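Here are a few friendly notes to read alongside the model. They cover helix packing first, then confidence.

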Amino acid sequence: GQHVALPPPPRVGAPGVEWCRYYLTHDTFELVNVAPSVARGRQAARTQRLARAMQWCAEFVTAAAVSGDDSVEVPLRIFSALQDLSVASTPRFIFTVSEALAALPSLRRLALTETLVSDDGAKALGKAAAASSARLERLDVAYAALSDDGWAMVTRILRWAPSLRSLGHLSLVGCALEDSACAEVCRALQFQESLWHLDLSNNRITAHGVQGGVA
């Protein structure tokens, strides 16, 4: 195939962010260009190199996106300046997010799409939200798949978690919410004085459910 030239190292004395960009570009290139036939051990070594490169730029990263169950396991805890995190179609990553929340005091926006799909995941997220010093301003949960017990945990998070006291935007789109769950969510939100936007579209909610929530 066509040869792709990697950028040369920055000049001596260049700002740290330039060195971070160089290491990430170099190690990411090696990671994604490993052929499928390469031994698993070698692939693991490449992944470790990428993790080390991430540590170089951790203090500069304020936004991150993770997508797909085959995505590299990202060491979220090192990104202490992270403000915006989006996770899509990666159910197993909910536990990584939960474990990292305590180390992400600057996090303000969290989006979970097709990721919160188990009651165990909801429980882990609930414990983390209760202990986190972050102050989330926006929470987007789309296409979650939880039982009644799982939604009960979500409502407890909304009602009591200190990390959600500044929540202004909440989206629960396409989560198969029915009237009873909607009513519980709405009652929990009575404690959210900063909330100004609520999106419950594409659920199984009738007018009766909405009235029960606001009554």
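**Notes on two helix pairs**

1. Helix α3 passes α4 in a left-handed crossing (left-handed if the near helix is turned anticlockwise from the far one by less than a right angle, right-handed if clockwise). On the α3 side, the contact (heavy atoms within 4.5 Å) is made by I94, F95 and S98, and on the α4 side by D120, G121, A124, L125 and A128. By class, that contact has five nonpolar, two polar and one charged residues, where Asp, Glu, Lys and Arg count as charged, Ala, Val, Leu, Ile, Met, Phe, Trp, Tyr, Cys and Pro as nonpolar, and the others, Gly among them, as polar.

2. This is a predicted model, in which local features need pLDDT of at least 70, side-chain atom pairs count only at pLDDT 80 or more, and totals for chains, interfaces and linings use all residues. Residues are numbered from 1 along each chain as its sequence is written, and side-chain values use heavy atoms, leaving out hydrogens and water.

3. For the geometry, the axes of α5 (residues 148-160) and α6 (residues 179-188) come within 8 Å and cross at roughly 15 degrees. That makes α5 roughly parallel to α6 (angles under 35 degrees). The crossing of α5 past α6 is right-handed. Here T155, L158 and R159 of α5 meet E184, V185, R187 and A188 of α6.

4. On confidence, the protein chain has a mean pLDDT (the predictor's confidence in each residue, from 0 to 100) of 83, with 80% of its residues at 70 or more. Confidence is lowest in helix α7 (residues 207-214), at a mean of 62, and highest in strand β4 (residues 138-142), at 97.

Definitions and conventions. Helices (H or I, at least four residues) and strands (E, at least two) are DSSP runs, numbered from the N terminus. Axes are lines fitted to C-alpha atoms, for helices over the stretch in contact, and angles run from 0 to 180 degrees between N-to-C directions. Angles under 35 degrees count as roughly parallel, over 145 as roughly antiparallel, 65 to 115 as roughly perpendicular and the rest as oblique.
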